[in-house]
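Please keep the structure in view while reading.

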Amino acid sequence: MSDNHDLSLYLQVADGVVESIRRGVLQAGDRLPSIRHAARNRNVSINTVLAAYRNLEDRGVIEARPQSGYYVRARLPQVNKTAMPVTPISSPKLEVLDLIDMVFAAQQNPEFTDISLACPVGEAFYPAKKLSRLLNQLLRSQPNMIGTYSLPPGSLRLRQQIARRTPLLGMSLSSDEIILTHGCLEALQLALRAVTKPGDCVGLESPTYFYMISMVAMLGLNAVEIPTDSQHGISVDAVEALLKEKKIDALMLMPGVQNPLGCSMPIEERQRLAKLVNQYQVPMIEDGLYSELQFSGDLLPTVKAFDKDGWVIFCTSFTKTLAADFRIGWMSGGRFAEKLRRLKALSSMSEPTILAETLGQFLTTGGYDHHLRGLRKRYAFQMQEARGLIARYFPEGTRATQPSGGFVLWVELPLNVDGVKLFHAALAEHISLTPGMLFSPSGRYANAFRLSYCYTFNEHYIAAIKRVGELACEMASSVPESEEIRA
């Protein structure tokens with residue numbers, strides 16, 4: 001009798017939560033009352049509430065978030081696997097390049113609320129106070145540093161600390177193999193200049209980070225869009241076919257936490273990719289900007305980790321994780337190292353010693369790993385919150401990726417919603433987003449956009465997402481409907 005009574009109680013509690021979701025009292029992304037609070041309110045035992053929440057977890061209605069509580073699960077389907085063919089070789093479209101400039105101009109306007117710029121803002125994401133103290137200590141102890149030119153190869157302390165950390169990503173590099181750069185963008189540009197000449201063909205993921213498209217165009221190169229799965233990354237089969245047919249002269253890819261999809265390639269595919277570029281002796285530029293922001297488990301090794309003969313150039317930066325405006329990145333050039341050093345010296349000589357030494361000191365103290373753990377936890381939490389907001393406010397049929405790390409996700413709207421028109425409509429209301437067309441040299445992904453969740457989820461940010469969702473609903477001639485939750 002008692003067992004049946006307990007069974008009935010926890011199912012009643014579970015059904016009560018489901019009913020609240022159906023009526024809109026609880027919505028996707030909302031936090032449920034704590035187990036203790038729910039037990040007190042419903043006058044039942046803690047074990048009864050715990051059993052109810054576990055039942056709801058099993059049914060996919062709610063999800064537990066470590067050290068945070070239980071949340072209503074976002075009923076938002078993931079983006080379907082891509083099945084696009086390899087795009088013919090072409091120069092990036094002028095309209096894509098013009099739109100990139102327009103989006104960037106909007107993102108610079110302080111009157112706009114930005115929901116897509118991949119640039120974290122504020123102390124919640126950077127250890128600004130600690131870096132400031134270290135910088136001031138260095139200036140007090142070595143004031144002459146301000147009046148001394150920084151020359152290549154730059155801060156030994158920072159290069160040593162970077163080299164010390166590379167085994168975390170499966171690499172084993174010495175300080176002499178590290179080239180300091182002005183952020184990751186300079187590293188990517190130097191790498192492209194080192195391995196290509198005007199007219200060459202560069203294989204890019206599709207969709208890809210839009211500044212890669214600009215770089216390809218600026219250097220007079222042609223782009224080849226390669227199918228990229230929203231969960232597992234670029235199609236290595238397609239890469240192999242292109243290499244066999246000698247249709248590409250270089251690759252520029254983001255195997256780890258790809259921008260804009262947020263996906264990461266499985267380790268087996270990374271190994272295979274490294275083997276192929278070595279076999280066909282075609283250089284690969286690996287953008288590892290978000291590699292240290294993977295959400296779960298040990299960090300996956302880079303493709304560079306499996307590079308036998310130096311055909312992979314690895315590029316990354318501290319701008320997204322540690323110090324945005326220091327603009328300090330680094331690269332390891334493999335067989336192209338000497339050419340890259342010369343290009344770096346001709347381009348911008350060296351990075352400021354005071355900034356590089358500050359970062360080196362921060363890495364020396366061991367504070368970086370603690371900071372990264374906090375960042376990963378925060379972004380994993382905010383990713384779920386962002387998906388919940390999309391599920392709540394966007395039209396039925398909207399899909400979004402489930403990133404494996406980082407702070408950007410890819411949103412695909414119903415086919416009758418034009419992402420560029422949505423961009424202009426949002427722009428008129430002082431909201432900036434990044435339409436999907438920017439992420440394709442040929443202007444694909446008309447019904448998509450990238451969302452960034454590297455902001456404080458305050459009323460302005462949430463209101464902006466809500467308003468863009470309303471605009472999308474108007475364009476889709478529908479309203480968001482809660483997916484029915486079956487008991």
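Helices H9 and H10 are roughly parallel to each other, because a crossing angle under 35 degrees counts as such, and their axes come within 10 Å and cross at roughly 5°. The model is a predicted one, and the points below are grouped by topic.

**Helices H9 and H10**

- The contact between the two helices is made by Val236, Asp237, Val239, Glu240, Leu243 and Lys244 on the H9 side, and by Glu269, Arg272, Leu273, Leu276 and Tyr280 on the H10 side.
- Sorted by class, this contact of H9 with H10 has 6 nonpolar and 5 charged residues, with no polar residues.
- Helix H10 covers residues 267-280, which is 14 residues, and it reaches 20 Å from its first C-alpha to its last, close to the 20 Å expected at 1.5 Å a residue.
- Within H10, the residues Arg270, Leu273, Ala274, Leu276, Val277 and Asn278 are buried, and the buried residues of this helix pack against helix H9 (236-244) as well as strands S8 (250-253), S9 (284-287) and S10 (312-317).
- Gln281 follows H10 and has a positive phi, near 55°.

**Helices H5 and H12**

- Helix H5 (residues 128-141) and helix H12 (residues 353-365) have axes that come within 9 Å and cross at roughly 120°, which makes H5 oblique to H12.
- The crossing in which H5 passes H12 is right-handed.
- From H5, the residues Lys130, Leu131, Leu134, Leu135, Leu138 and Leu139 take part in the contact, and they meet Ile354, Glu357, Thr358, Leu359, Gln361, Phe362 and Thr365 of H12.
- By class, the contact of H5 with H12 has 8 nonpolar, 3 polar and 2 charged residues.

**Ser452 and its surroundings**

- Ser452 belongs to strand S16, which spans residues 448-452, and with a relative accessible area of 0% Ser452 is buried, since the cut-off for that class is under 20%.
- Leaving aside residues up to four places away in sequence, Ser452 touches Ile115, Ser116, Leu117, Ala118, Phe407, Val408 and Tyr461.
- Gly256 lies 196 residues from Ser452 in sequence, and the C-alpha atoms of Ser452 and Gly256 are 17 Å apart in space.

**Cis peptide bonds**

- The peptide bond from Pro152 to Pro153 is cis, with omega near 5°, and Pro153 is located in the loop between H5 and helix H6 (156-165).
- A cis peptide bond is also present from Asn259 to Pro260, where omega is near 25°, and Pro260 sits in the loop between S8 and H10.

**Positive phi in residues other than glycine**

- His430 is not a glycine, although its phi is positive at about 60°, and this residue lies in the loop between helix H14 (419-427) and strand S14 (431-432).
- The relative accessibility of His430 is 34%, and His430 therefore counts as partly exposed.
- Tyr445, again a residue other than glycine, has a positive phi near 65°, and its place is in the loop between strand S15 (434-435) and S16.
- Tyr445 counts as buried because its relative accessibility is 15%, which falls in the class defined as under 20%.

Key. Residues are numbered from 1 along each chain as its sequence is written. This is a predicted model: local features need pLDDT of at least 70, side-chain atom pairs count only at pLDDT 80 or more; totals for chains, interfaces and linings use all residues. Side-chain values use heavy atoms; hydrogens and water are left out. Axes are lines fitted to C-alpha atoms, for helices over the stretch in contact, and angles run from 0 to 180 degrees between N-to-C directions. Helices (H or I, at least four residues) and strands (E, at least two) are DSSP runs, numbered from the N terminus. Angles under 35 degrees count as roughly parallel, over 145 as roughly antiparallel, 65 to 115 as roughly perpendicular and the rest as oblique. A crossing is left-handed if the near helix is turned anticlockwise from the far one by less than a right angle, and right-handed if clockwise. Contact means heavy atoms within 4.5 Å. Ala, Val, Leu, Ile, Met, Phe, Trp, Tyr, Cys and Pro count as nonpolar, Asp, Glu, Lys and Arg as charged, and the others, Gly among them, as polar. The expected span of a helix is 1.5 Å times one less than its number of residues. Buried means under 20% relative accessible area, exposed over 50%, partly exposed in between (1.4 Å probe, protein chains only).
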